Amino acid sequence: MTAEMVLQIVLTVAAGLIGVGLFGALSQQTIVMVMMGLELVLNGVLLAGGAAWYFLAPELPDAQMLVVVALVVMAVEMAMGFAVTVAFYRARQLDMIDMASDLRG
Amino acid sequence: MLSDLSGWAITAVAVLGVLSVAAGVAVFVVDSMARATFALLASFLAVAGILLALDLVYLAVVTALMMTIEMAIMAVFMIMFMMNPAGLMPMTMVHNAKGSAGTGAGAFVVLVVGIWTIDWPTRDTSRPADSTRQLGEAIMGSHMLVMLVIGVGLFATILAGTVLATARGRYDRFGAGLTAQRPDDPVPGGLPR
């Protein structure tokens with residue numbers, strides 16, 4: 001199997017994760033489930049970054065740095081998402097994003 | 001150019017790839033919130049396995065460890081905040097399911113068309129002996145600015161998370177101007193100023 005084909009297969013898996021995550025983030029009503037959708041999108045980014053390093057530019061560390069940044073974004077998203085969830089629940093006793101539609105920007 | 005991945009590695013990548021997407025779908029299909037969390041963990045662990053097969057040992061281990069702990073915390077929050085944590089009473093909590101599915105499928109199709117039509121460049125340089133050493137040297141050298149920004153971002157996250165999650169701060173206790181002599185606590189006896 002050629003390297004290009006393996007790269008394309010791995011990137012297709014990453015695209016699948018991004019698609020499923022996007023569906024979840026857009027369709028779920030609970031704040032925590034929306035966060036799980038976003039995590040799946042970032043999971044796809046992790047995979048695509050790793051594949052880009054291995055198959056396209058292993059002599060450069062840039063793709064590895066992209067994976068590190070994606071991991072940090074995941075941690076930040078989790079921490080801020082839970083903080084916002086706690087603040088929401090404390091202020092309004094709500095756990096669904098439809099109940100906070102007045103915050104639409 | 002033929003892939004320098006062994007047959008076993010390619011098989012592992014294929015199996016783990018299918019597993020990661022299947023677990024990702026399961027997150028939004030199962031009723032139990034605990035199961036959804038652990039399905040997401042399975043998806044992360046499958047991606048960590050693929051990274052391991054791609055020679056990114058450090059990033060694979062970090063992904064596996066970080067996501068295991070993150071999902072353990074997430075399971076607690078899921079059970080705290082979901083109205084149906086055990087999934088004993090099947091219910092769907094979705095809005096605009098068709099539009100969301102269309103957007104997700106559309107994004108997937110656009111990405112796949114791009115992936116399979118791009119003429120990907122072939123690699124003609126050698127792989128580093130140790131990918132972890134390459135990353136470490138980049139973090140402490142040419143890419144230090146990235147890590148500095150990450151550090152500031154994480155610090156800001158700590159502050160913002162604490163501020164958002166704090167129930168009663170000093171302004172609640174001592175007034176907007178912090179001028180009250182005694183703290184206004186629901187239960188007296190709290191720490192003074």
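## A salt bridge in chain A

Let's start with one pair of side chains: A:Asp102 and A:Arg92 meet in a salt bridge, with 3.1 Å from N to O. The term stands for a side-chain nitrogen of Lys or Arg within 4 Å of a carboxyl oxygen of Asp or Glu. A:Arg92 sits in helix H3 (62-92) of chain A and A:Asp102 in the segment after that helix, so the pair ties together parts that are 10 residues apart in sequence. Searching the whole structure turns up 4 salt bridges over all chains.

A word on what you're looking at: this is a predicted model, where local features need pLDDT of at least 70 and side-chain atom pairs count only at pLDDT 80 or more, while totals for chains, interfaces and linings use all residues. Residues are numbered from 1 along each chain as its sequence is written, chains are lettered from A and ligands numbered from 1 in the order in which they are written, and side-chain values use heavy atoms, leaving out hydrogens and water.

## Chain A overall

Chain A has 3 helices and 0 strands; helices (H or I, at least four residues) and strands (E, at least two) are DSSP runs, numbered from the N terminus. Its C-alpha trace spans about 55 × 25 × 20 Å along the principal axes.

The radius of gyration of chain A is 17 Å, while a compact globule of 105 residues would come in near 13 Å. That radius is taken over C-alpha atoms, and the globule rule is 2.2 Å times the number of residues to the power 0.38.

## Chain B overall

Chain B is helical too, with 7 helices and 0 strands. Its C-alpha atoms fill a box of roughly 75 × 50 × 30 Å along the principal axes.

Chain B is split into domain 1 (1-88) and domain 2 (131-187), with bounds that come from an automatic or database domain assignment. The centres of the two domains, taken over C-alpha atoms, are 29 Å apart.

## Where the chains meet

On the chain B side, 80 residues are in contact with 73 residues of chain A, contact being heavy atoms within 4.5 Å. About 6900 Å² is buried between the two chains, and carbon and sulfur atoms give 78% of that. Buried area here is the accessible area (1.4 Å probe) that two parts lose on being put together, summed over both.

Which elements of chain B give two or more residues to the side that touches chain A? They are helices H1 (7-27), H2 (33-53), H3 (57-81), H4 (97-117), H5 (131-139) and H6 (144-165) of chain B. H3(B) gives the most, with 12 residues.
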